[in-house]
Amino acid sequence: MRPCQGSEGQKGSPRQRAYRYSLVMAVSQESDQTQWPLFRPAGDSGLIVEFGNHLSEEISNAVLAFDSRLRSEAIAGVSETASTIRSVLVRYDPLEMPPDRLRGRLSELLAEQDWLSVGPPEGRSLWRIPALYGGEAGPDMEETARLLEASEHDLAEEHGAARQRVLMLGFAPGFAYLGGLPARWNIPRLPHVKPAVPPGSISVAVGQTSLCATVIPTGWRTIARTPFLNFDLKRDPVFPMEAGDEVQFEPIEEADYRRLAAQAEGGAVVASREALT
């Protein structure tokens with residue numbers, strides 16, 4: 001890719017033209033990188049730092065640790081960072097912090113240590129979350145059990161026994177992507193998107209679990225529902241769970257669900273929480 005030429009490339013102040021040139025050069029150099037982490041442009045005011053191309057605890061640890069390091073560094077011109085399953089998004093003002101200079105500063109921070117060897121973040125929690133499996137609470141449970149060649153009861157027990165990590169929060173307020181299911185749970189999404197599932201829906205697909213806190217559309221298979229919501233403006237903090245925490249679902253009966261849902265309506269956090277060392 002070459003810098004813009006002609007009259008269009010000459011529009012704007014010298015500073016703006018210099019920025020456009022830096023952005024073009026940053027995009028063209030991305031393909032030269034062959035080792036993790038990778039830099040990838042995200043529009044004209046974002047830069048993604050990728051630590052891998054698959055799900056793993058090591059990549060998750062690296063993402064969370066590097067995001068924390070960026071926040072503590074408070075780089076001039078950087079307005080926001082956001083951790084994902086395998087990357088960190090850095091939002092910045094390109095007129096204050098040109099992309100080539102930002103890459104240089106981030107490269108210095110990346111060189112501080114082997115980020116893929118860091119441990120999990122400190123202050124993590126294990127959440128034990130009540131879940132009502134099957135029936136109206138889990139309308140896709142029957143088909144999911146058929147795909148996995150198991151009874152609905154055994155599937156609920158297996159899903160509940162798995163310790164799953166909160167890989168990231170995003171997509172919708174309080175929405176959590178969880179990882180750590182056995183390999184056989186790598187089942188496809190639905191062939192269609194359901195326009196809306198209720199708050200607290202627990203859905204599975206591609207070896208992961210999603211836990212929503214608001215009404216959302218989804219193509220994942222909903223197998224259960226919990227009265228616990230990871231988003232409530234009446235609570236402090238608004239989002240109790242954080243990326244890096246772990247989750248274990250505990251199967252409950254419908255009567256227990258109704259009782260706990262009534263408590264949750266009043267703002268209670270109807271899930272137990274314990275510190276992880």
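## The chain as a whole

A residue counts as buried when its relative accessible area is under 20%, and as exposed when that area is over 50%. In this predicted model, 47% of the 277 residues of the protein chain count as buried. The chain has seven helices and 14 strands.

How much of the contact count comes from residues 24 or more positions apart? Take the contacts in the protein chain with a separation of 6 or more: such residues account for 62% of them. The accessible surface of the chain comes to about 14000 Å². Carbon and sulfur atoms make up 51% of that surface.

## An enclosed strand

Look at strand β5, residues 125-133. Is this strand largely enclosed or largely open? Eight of its nine residues are buried, so the rest of the structure largely encloses β5.

Which strands pair with β5? One partner is β14, residues 272-275. The two run antiparallel, and four bridges link them. Here Ser125 stands opposite Ala275. Another partner is β13, which runs parallel to β5 and is joined to it by six bridges. In that pairing, Leu126 has Glu246 as its bridge partner. β12 also pairs with β5, in the antiparallel sense, through two bridges. There, Tyr133 faces Ala224 across the pairing.

## A helix with a buried face

Helix α6 covers residues 152-161. Which of its residues are buried? They are Leu155, Ala156, His159 and Gly160. Viewed down the axis of α6, these buried residues fall within an arc of 130°, so they line one face of the helix. The spacing follows a general rule. An α-helix has 3.6 residues a turn, so residues three or four places apart point the same way.

What lies on the other side of α6? His153 and Ala161 are there, and both are exposed.

## Two cis peptide bonds

Now turn to the backbone. Most peptide bonds are trans. The bond from Trp36 to Pro37 is cis, with omega near -5°. Pro37 sits in the loop between α2 (14-30) and β1 (38-41).

The bond from Asp236 to Pro237 is cis as well, with omega near 10°. Where is Pro237? Look in the loop between β12 (221-225) and β13 (246-251).

## Two positive phi angles

Most residues other than glycine have a negative phi. Ala74 has a positive one, near 50°. Its place is the loop between α3 (57-73) and β3 (78-83). Is Ala74 buried or exposed? Its relative accessible area is 60%, which is over the 50% cut-off, so Ala74 is exposed.

Phe171 is not a glycine either, yet its phi is positive, at about 75°. This residue lies in the loop between β6 (164-169) and β7 (176-179). With a relative accessible area of 56%, Phe171 is exposed too.

Technical notes:
Residues are numbered from 1 along each chain as its sequence is written. This is a predicted model: local features need pLDDT of at least 70, side-chain atom pairs count only at pLDDT 80 or more; totals for chains, interfaces and linings use all residues. Side-chain values use heavy atoms; hydrogens and water are left out. Buried means under 20% relative accessible area, exposed over 50%, partly exposed in between (1.4 Å probe, protein chains only). Two strands pair if DSSP finds at least two bridges between them. Contact means heavy atoms within 4.5 Å. Accessible areas come from the Shrake-Rupley method with a 1.4 Å probe; for residues, only the protein chains shown count as cover. The arc is that of the directions from the helix axis to the C-beta atoms.
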